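Please read this note with the model open beside you, and check each point against what you see there. The points move from a helix to a group of strands and then to charged pairs.

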Amino acid sequence: MSKFTHVKKSALAALAVAAAVTGLSVSPAQADAGSSMATLARAEVGNGPCAHGGYWSHTNNQGSSCDGRGGASQAWCADFVGWVWSHYDVARLASLTDGAVSFYKYGVANNTLHSTPKVGDAVVYDYNGSNWAAHVAMVTGFNGTTVTMVGGNEGHRTHPDGIVQTESTTDWQVGKAPWGQTISGYISPVLNSDSSVTPADAGMTHLAGGDLDGNRTQDVLATETTTGDLYFYPGSGAVNGNSTLGQRVKIGSGWNTMTNVTVGDFTGDGKADVLATESAAGDLYLYPGTGAVNGMGTLGDRVKIGSGWSGMRDVARIDVNKDGKADVVAVETGTGNLYAYPGTGAVNGMSTLGERVQIGTGWGAMSQIVTPGDLNSDGVDDLVARDESGNLFAYPGSGKLGGMSTLGDRVQIGSGWKSMTNLVGADFNGDGKGDLGAVQAAAGSTGTFFAYPGTGTLNGMNTLGDRVQIGTGW
C-alpha cells in the first residue's frame, strides 16, 4: 500500500459509470479458472516477496517481487496478481507491468473492467485517471454481500517487505474505500480458450539463442525461475535428441530482475553479447561477451544503452538491414507498434542503437517474437511470432530498413502453438537454415524442450519439419 491522493466524488462516479453497471457473463471455463486462481492465491497467504524465488507473470514487462534485496525496493502487489493469473490460460499478459495501473488498463483494453466482483478478478485501488494506481489484489470469494480478497505487498506494519494477506469487506462497491484506498474497478482476465493450458514458466524462462562460446554452433541461454540464475547450454551443432545441448553452465545470478533477453554481436568484435531490460527501472543493458564460457566471467561488465524500455516487449535481435550489424526489434506495449532499432556495431552508451523506425502496426495481438535466422534461404533474417489463438506466422525480411515495407507479407507456418512457450530462434543443427525451439509444459510444471528444424523454404505449414525432443525439466 502506498500514499495516495483522494479522487473527487465526481471522478469516482465517472469511474463507476466507466466500469460496467452490470456484471459480465461468466463462462464455465472462466468460473473454473477463477476458482482455481482463488485456491492458488489463498495458498500463498503469509508468504513474503521471495517465495518461489519471487512472484511475477514471467512476461517481458513484469519483474520479480524478489529483486535480491528482499523486495524492499519494489512494490510487488502487481507481481503477485500477475503470477496467479499466469498459471492459467490468461491472454495478453504481456501488457501487465509492475504497476497496479496496468491491470486497470488491461480491463479497459479488453473490455473486462466492471463493477461487480467475480472470483479471479483483479481489484484496483485509487486509479488516478491516467498512469497510476495505488494497489491491486485478487478476488477470492464473493457471496453477494461480502467480498474476500488476497493481495501481495500488504501487512507492512508487522512485515517491512510485505506479505500475501487476505481480507474481507462488505464495502465492495466501486467508490468505496474499505481500507483507506478507493476501489476503482474489477478486472476479469481474458482466457485464451475454455480449457486450461500452459501456465507461467515453472522451470526455465527468457530463452535466447546465439553462439556465446565462439565455436560456430548455436547455444541457448535461459534463466532459472526459482533462483534467478542465468545458465548457458552449449549447442552440439546437431539435433540429436537430449544430446542436442550439452551440460549447462551457470554464468550469472540475479537475472530474475531482467527481461527481454536476446543474444547478438552488438559490439562488432565477432563475439556474441547479451541484451536485457532491467524490469524495475526499464533500462536496457548490454552485457559484452568474451567469446568463451568461463562461468561467472563469461559476460563482461554491463553497459547501459537505453532507458524507457519498460514499455517495450518481445525484444529480439535481427539484422534487419543486412549490414552485418545486430539490430533490435520490439513491440511497444501501449500502441502495438513494431519498431526496429538499428545497431551501430559498437558499444557507445546510449548511442549504441540508432533512432528507432516503425516497421509494423497491430502487433499487440502477437507474442513470442523471435528470429530463427534465415527461414527461406534468401540470405536475410526473418521474424516469427505467435498470435493469441496459437497460430504461428513467419514475416520474411526484405534486407532493407524501409519503414512499413521492412517485412514482407506474413505466412502462416503453424497452428496449435498456444501451449508452447519460450520460443527461441537458432540454427540448432548447423545446416544454415533457421530453426525454432519451444517449451511445452503442463500447468505448474516444468516442460519439455522441442526443436523444430527449418526446411529452408517458406512453404506454409511445411516450413518447419517434425519436432524433436531435445530436453526435459525446462
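1. A residue is called buried here when its relative accessible area is under 20%, and this cut-off is applied to a model that is predicted. Seven of the 10 residues of helix α4 (residues 101-110) are buried, so this helix is largely enclosed by the rest of the structure. Among the buried residues of α4 are Phe103, Tyr104 and Tyr106, together with Gly107 and Asn110. After α4 comes Asn111, which has a positive phi, near 60°.

2. In strand β6 (residues 183-187), five of the five residues are buried, so β6 too is largely enclosed by the rest of the structure. Strand β1 (residues 113-114) pairs with β6 in the antiparallel sense over two bridges, and strand β2 (residues 122-125) pairs with β6, also in the antiparallel sense, over four bridges. Tyr186 in β6 is the bridge partner of His114, and Tyr186 also stands opposite Val123.

3. Side chains of opposite charge can pair when their charged atoms come close. The count of salt bridges comes to nine, and one of them joins the side chains of Asp121 and Lys118 at 4.0 Å, N to O. Asp121 counts as buried at 1% relative accessibility, and Lys118 counts as buried at 16%.

4. Another salt bridge links Lys304 with Asp283, whose closest N and O atoms are 3.4 Å apart. Because Lys304 lies in strand β14 (residues 303-306) and Asp283 in strand β13 (residues 283-287), the pair ties together parts that are 21 residues apart in sequence. Lys304 is partly exposed, with a relative accessible area of 35%, whereas Asp283 is buried, at 11%.

Notes. Residues are numbered from 1 along each chain as its sequence is written. This is a predicted model: local features need pLDDT of at least 70, side-chain atom pairs count only at pLDDT 80 or more; totals for chains, interfaces and linings use all residues. Side-chain values use heavy atoms; hydrogens and water are left out. Buried means under 20% relative accessible area, exposed over 50%, partly exposed in between (1.4 Å probe, protein chains only). Two strands pair if DSSP finds at least two bridges between them.
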